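Please look over the sequence and the 3D structure below.

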Amino acid sequence: MLVSKTLFAMLALTAISSASPSMNGQQVIEAVYKRVQPKDQQGDLTMLLINSRGEERKREIRQFIKDDEQTEKKIMFFLSPADVRNTSFMNWSHTQQGKEDDQWIYLPALKKVKRISSEGKSDYFMGSDFTYDDLGDRRPDEDNHSLLREEMYQGEACYVVESKSKDKGYLYSRTVTWVIKDKWIGLKKEFYDENNKHLKTLRVMDYKQLDGLWMILHSEMENMQKKHKTVMKLEDLKLNQGIKDSQFGERTMIKGL
Amino acid sequence: MKSLVVLALAVSVSTMAQVQWSGFGRHQTALRPLEQGDWSMIQNALSLNLENRSDSKAFKADFFISHNIGDSTLDWRLRQLYMDLNFDCCDFRLGKQQVIWGKADGVFITDVVSPKDLSEFLLPDFAEIRQGITALTSNVFVGNHTLSLVLVPQFTPTIAPEAGSIWHVAPPAPAGVRVSMDASQKDVAIEAANSEVFGRWSAILESIDFEVMAGWMWDDDPSLHISKRFAHVNSANGQMVLDSLVVSPRHHRLAVGGGSMSSTLAGFVLKGEGAFYYDKRFQSADPAAEDGLVSGNYLHTMLGASYAISGVDFGFQFVQKYLMDYDSFYQDKEFQNMITAMIRKSLLRETLYLELFSYVGLDDQDALIRPSIGYDISDGLRMTLGANLFYGDSGSFGQYDQNDMLYGKLAYYF
């Protein structure tokens with residue numbers, strides 16, 4: 001069933017791709033959202049937090065993700081720095097509209113798995129420049145999208161799409177995304193604050209095709225106002241390893257790696 | 001000397017095997033400004049965790065060594081020392097371990113498996129308050145459900161503050177009456193019949209987490225059996241004149257059953273916890289009460305919620321203890337109500353932390369308020385400044401009104 005769904009998605013993308021000259025902003029973002037993803041993946045995530053003076057702080061995480069198209073389950077184990085080692089975080093993100101994510105955190109000092117609210121989408125992840133919302137899959141129907149232009153960016157033919165949230169209280173007034181035409185990767189994204197001032201820029205520095213799927217391996221988020229940035233690298237990435245569903249539970253969170 | 005032996009042993013073990021080291025070194029200084037600047041604590045401490053793990057088995061040792069400058073004492077504790085055996089469907093843990101249950105924060109309702117070390121009241125980190133117990137824990141996993149069974153062959157009581165400690169509270173006695181302690185019946189013999197057993201069914205599911213638990217245990221806190229010694233008969237009224245009280249602490253069996261849950265609604269995390277305790281001993285002024293104690297049952301419950309607004313985390317809990325079949329001779333109140341409140345904010349890309357945690361007793365109008373500010377000087381090096389402020393004249397917190405404290409900590413994690 002999953003295979004046929006994936007095949008259907010690929011065929012749909014091919015159809016969208018072939019019809020690219022007439023695509024509008026909504027269709028471009030839909031294509032990005034529907035870019036075929038692995039059924040599961042695991043890898044080591046390194047975040048380098050660089051402040052305005054160039055000083056660096058490093059956070060290392062091992063993450064496991066499984067997606068059954070109804071629910072994407074993710075579990076992250078914090079490896080460093082030492083004061084957060086053995087902390088784990090789990091998220092179940094549901095595709096069903098209106099259904100809140102389920103999130104838990106395990107703090108080794110408390111020895112408890114605690115359910116936490118998933119409403120804090122505007123909070124920054126581990127002190128980085130990425131909010132939880134930036135890291136998640138935002139559904140296309142949450143924004144109005146308009147195609148601004150088509151242009152070459154870093155040697156790639158891109159659609160430039162402006163997205164404005166339907167929710168007036170959303171943390172960004174608008175975003176502008178450069179989407180590679182044939183790969184459906186957002187190569188660059190600009191975020192504007194509630195006063196429509198340029199807040200952050202996300203740049204994808206490296207992406208590769210692994211097992212036939214385009215995967216982002218290196219990205220940087222720069223806060224243009226505070227002059228600090230976060231470098232995020234994904235290494236030792238393994239796709240479709242058959243990670244068991246039982247991996248995404250309380251036992252794994254407590255036991256750790 | 002003991003600590004040096006343990007440290008040498010730890011170093012040897014870690015050298016021989018593929019053992020991972022972690023832990024922290026910490027300096028802590030605390031001042032009591034109301035007691036003419038008394039240093040209530042100047043302590044250097046080392047927490048050392050050694051761990052060796054594979055998919056099917058694990059070994060862990062957790063040492064805590066502290067050097068108190070004030071009284072020149074060197075103390076070490078083996079907080080945990082256990083082995084794990086892991087299978088697909090179940091796992092087993094044998095040895096000294098901490099077992100933590102329940103959803104409440106800073107309140108112990110169903111979290112009664114590991115006893116507490118209250119030698120410094122509730123002020124240390126909770127990882128340091130909880131004692132390890134020697135036990136066999138088994139967990140069976142069925143989907144997102146877990147069935148746990150804990151067998152504790154040796155009872156471990158609460159560690160109470162020592163006499164002379166600023167946290168020690170002497171048993172109440174009428175003026176002019178001598179009080180003597182008889183600890184001869186305090187210990188629970190290590191016998192199979194004196195084992196404790198706890199069971200739990202827990203699950204984390206979409207939208208809700210829950211736990212249901214039961215235990216056949218010993219009351220971690222001893223009941224104070226009070227016998228009266230009379231000097232002579234008052235010739236004027238013919239009544240016996242009380243000369244002294246002999247207080248004999250003894251632990252009694254206690255049965256407990258309860259549960260807890262947490263869920264989210266519109267951005268709120270809602271949680272609840274409750275337990276029914278059967279056959280607890282309460283102090284009573286009833287002349288017919290043997291040794292000044294009566295047996296009774298009570299309910300201990302908590303309702304709580306947490307929410308985040310603009311990056312500030314708020315958490316509140318309402319906690320109630322209800323003594324059932326109450327009569328006017330009870331020395332405790334029938335209803336004991338308390339609120340806990342937590343406010344927390346992180347700044348400067350999660351390097352600066354502001355926190356306020358409070359216990360507020362609603363019956364005695366007393367409180368413990370704990371503001372603190374933490375700063376990560378670099379990764380793994382944290383400085384904390386804070387205060388423990390007691391308010392009130394009586395009650396769990398008001399009785400320590402003179403123990404207000406300012407403290408500073410510097411911790412290095414490795």
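## A buried charged pair

E190(A) is buried, at a relative accessible area of 12%. Buried here means under 20% relative accessible area, exposed means over 50%, and partly exposed lies in between (1.4 Å probe, protein chains only). K188(A) also counts as buried, at 13% relative accessibility. The two residues form a salt bridge, and their closest N and O atoms are 3.5 Å apart. A salt bridge is a side-chain nitrogen of Lys or Arg within 4 Å of a carboxyl oxygen of Asp or Glu. Elsewhere, D133(A), R138(A), E142(A) and D143(A) are joined into one network by salt bridges that share partners.

This is a predicted model: local features need pLDDT of at least 70, side-chain atom pairs count only at pLDDT 80 or more, and totals for chains, interfaces and linings use all residues. Residues are numbered from 1 along each chain as its sequence is written, chains are lettered from A and ligands numbered from 1 in the order in which they are written, and side-chain values use heavy atoms, with hydrogens and water left out.

## Salt bridges within and between chains

Over all chains, the structure holds 46 salt bridges. One of them pairs the side chains of R59(A) and D379(B), at 3.0 Å from N to O. R59(A) lies in strand β2 of chain A, and D379(B) lies in the loop between β20 (366-378) and β21 (381-391) of chain B, so this pair joins two chains. Helices (H or I, at least four residues) and strands (E, at least two) are DSSP runs, numbered from the N terminus. R59(A) is buried, with a relative accessible area of 6%. D379(B) is partly exposed, at 27%.

Within chain A, the side chains of R139(A) and D141(A) meet in a salt bridge of 3.5 Å, N to O. D141(A) is partly exposed, with a relative accessible area of 31%.

## The interface of chains A and B

How many residues of each chain are in contact across the interface? There are 44 from chain A and 47 from chain B. Contact means heavy atoms within 4.5 Å. Chain A and chain B bury about 3,400 Å² between them, with 42% of it on carbon and sulfur atoms. Buried area is the accessible area (1.4 Å probe) that two parts lose on being put together, summed over both. R57(A), R115(A) and R251(A) supply 22% of the area that chain A buries against chain B, more than any other three residues.

The rule finds eight salt bridges across this interface. R251(A) and D91(B) meet in a salt bridge through their side chains (3.6 Å, N to O). On the side of chain A that touches chain B, β6(A) gives the most, with five residues. By class, that side has 15 nonpolar, ten polar and 19 charged residues. Ala, Val, Leu, Ile, Met, Phe, Trp, Tyr, Cys and Pro count as nonpolar, Asp, Glu, Lys and Arg as charged, and the others, Gly among them, as polar.

## Nonpolar cores

The largest nonpolar core has 45 residues. A nonpolar core is a set of buried Ala, Val, Leu, Ile, Met, Phe, Trp, Tyr and Cys residues joined through side-chain atoms within 4.5 Å. F121(B), L122(B), V150(B), F198(B), Y359(B), F390(B) and F397(B) touch the most other members. Beyond its neighbours within four places in sequence, F390(B) has contacts including F121(B), W167(B), L368(B) and Y400(B). Another core, of 24 residues, lies apart from the largest one; L49(A), L202(A), M215(A) and L239(A) are among its members.

E220(A) sits in strand β12 (residues 213-223) of chain A. E220(A) counts as buried, at 15% relative accessibility. Its side chain makes a polar contact with the side chain of K229(A), at 3.5 Å. N49(B) is in strand β2 (residues 38-53) of chain B and is buried, with a relative accessible area of 14%.

Y33(A) is in helix α2 (residues 25-33) of chain A. Is Y33(A) buried or partly exposed? At 33% relative accessibility, Y33(A) counts as partly exposed. Y33(A) and R138(A) are 105 residues apart along the chain, with their C-alpha atoms separated by 7.9 Å. Leaving aside neighbours within four places in sequence, Y33(A) is in contact with D137(A), R138(A), R139(A) and P140(A).

How values were computed:
Polar contact = N/O pair within 3.5 Å; in protein donor to acceptor, adjacent residues only side chain to side chain.
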